[in-house]
Amino acid sequence: MGWHQLLPLYPLTLCQAAALPFALLFRSLCTLDAFSTHARHLFLLAGGGMLAWAAMGCHAVLVFIPAVCAVVLILSLSAQDVHRWVFLFQMGWQSLCHLGLHYTEHYLQQPPSSRFCTALSALMLLTQRVTSLSLDICEGKVATAGPRSRSSWSGNLGEALTYLSYLLFFPALLGGPLCSFQTFQARVCNGSPAGPGHAARALAWPGLQLLSLEGLKVAVRVLLGASPGLAGCRQLECVLVVWATAGFFKLTYYSHWTLDAALLQAAGFEPVCEEQGPDADIWTLETAHRISVFTRAWNRSTARWLRRLVFQRSARWRRALTFAFSAWWHGLHPGQALGFLCWAVAVEADHLVHAYARKWASSGPPRLLCRVLGWVHTQLTTAYILLAVQAHCPTTLWQLCTSCGIVFPLAHCLVLLLFAKGKRKWD
């Protein structure tokens, strides 16, 4: 098919499934009074280390090094300076790793190692936890003793263990909704709300969802196998190929996010899922009739993290900067640059169009027609964006740009040209 085949997701899924028994064991041990808080932190940290080596091999050092450095920076800097330096170091390290991926793919013309891709995926999630923690410290939500107040090695080691176990704890190492440090600490210190038997029963519904999603993936894969692909499709047939291929990618993400949430629940981190909501809000995503609604629901915890890290801290051009940073965080492949550019334009155009549509389609048949057309356009536009982000091969990206699917993002550019003058600015 020529698409970037979501290399990290398949080994991630296997490793996370193998970690489920250990998550249930942790939940069971937390019911014992003898299982102290330090022991819980050590268990989570050791589990994260073993899971990293199992999933990434020697590439796990790409995750261990920035985690340790982040803890050192947190312990060494004041609360006012910690976020700036932690952010710069973490994003600099992640960018160097992404440059290594670019070098392998485009200069050496070799397929990247699946273990290296897994390490990159885990590193991106580590960036979320590191910057979330540094923001909490900077905003005073998490109290630290400060570099001048620490007088004992035991205090330093205890605090370092707490931070390091949060950054590398195994239920969220390879995926899952972003867990705040406060929620993590409350869960570890207070113990499990219920035993493993309750967790096993609660996992029945995610298990049924996973089986359904995997069955749908098989059906879509068979459909795609019978299609000519972008290289052989013609005119409107290309629209169906884009929609079906994007559907396969979305089902893969849905399966991964469902397993992420199940692993957190098995370990007793239900408050994380309740606090953030599910990353795989399938009903909202598949019924959204607005690009902006789809954007807020897609990978919900990451969307909230981007809003807090970039959108709320920017004085001007908030949407543009948020999507630009998201492209940087994802690796800045050409397809990702194109995809996030189209996404930013589509979200802005969506606000302009619906601000105008509310004046004449407030009720009755016009409103129903507006919703139906909005749903079709949202699904096809997001399908094109998703394929652009996944297209690491220049040939595939060119095929996508010359297909009929390009009409949908171009329509949003036309809307901006028609409505932007005198209507609204980016902010």
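Reader: Helix α11, residues 236-266. What should its 31 residues span?

Author: At 1.5 Å a residue, they should span 45 Å. This is a predicted model. In it, the end C-alpha atoms of α11 are 45 Å apart, which agrees.

Reader: How many of the α11 residues are buried?

Author: 26 of the 31 are buried, so α11 is largely enclosed by the rest of the structure.

Reader: And just after α11, which residue takes a positive phi?

Author: Gly-268. Its phi is about 95 degrees.

Reader: Back into the helix. Where is Trp-243?

Author: Trp-243 lies in α11.

Reader: How accessible is Trp-243?

Author: Trp-243 is partly exposed.

Reader: What does Trp-243 contact, leaving aside neighbours within four places in sequence?

Author: Leu-380 and Ala-383.

Reader: And Tyr-384? How far apart are the C-alpha atoms of that residue and Trp-243?

Author: They are separated by 7.5 Å. Along the chain, Trp-243 and Tyr-384 are 141 residues apart.

Reader: New topic. At what angle do α4 and α5 pack?

Author: About 170 degrees. The axes are 9 Å apart. Helix α4 covers residues 79-107, and α5 covers residues 114-138.

Reader: Parallel or antiparallel, roughly?

Author: Roughly antiparallel, because the angle is over 145 degrees.

Reader: What residue classes make up that contact?

Author: The contact of α4 with α5 has 17 nonpolar residues and nine polar ones. It has no charged residues.

Definitions and conventions:
Residues are numbered from 1 along each chain as its sequence is written. This is a predicted model: local features need pLDDT of at least 70, side-chain atom pairs count only at pLDDT 80 or more; totals for chains, interfaces and linings use all residues. Side-chain values use heavy atoms; hydrogens and water are left out. Axes are lines fitted to C-alpha atoms, for helices over the stretch in contact, and angles run from 0 to 180 degrees between N-to-C directions. Helices (H or I, at least four residues) and strands (E, at least two) are DSSP runs, numbered from the N terminus. Angles under 35 degrees count as roughly parallel, over 145 as roughly antiparallel, 65 to 115 as roughly perpendicular and the rest as oblique. Ala, Val, Leu, Ile, Met, Phe, Trp, Tyr, Cys and Pro count as nonpolar, Asp, Glu, Lys and Arg as charged, and the others, Gly among them, as polar. The expected span of a helix is 1.5 Å times one less than its number of residues. Buried means under 20% relative accessible area, exposed over 50%, partly exposed in between (1.4 Å probe, protein chains only). Contact means heavy atoms within 4.5 Å.
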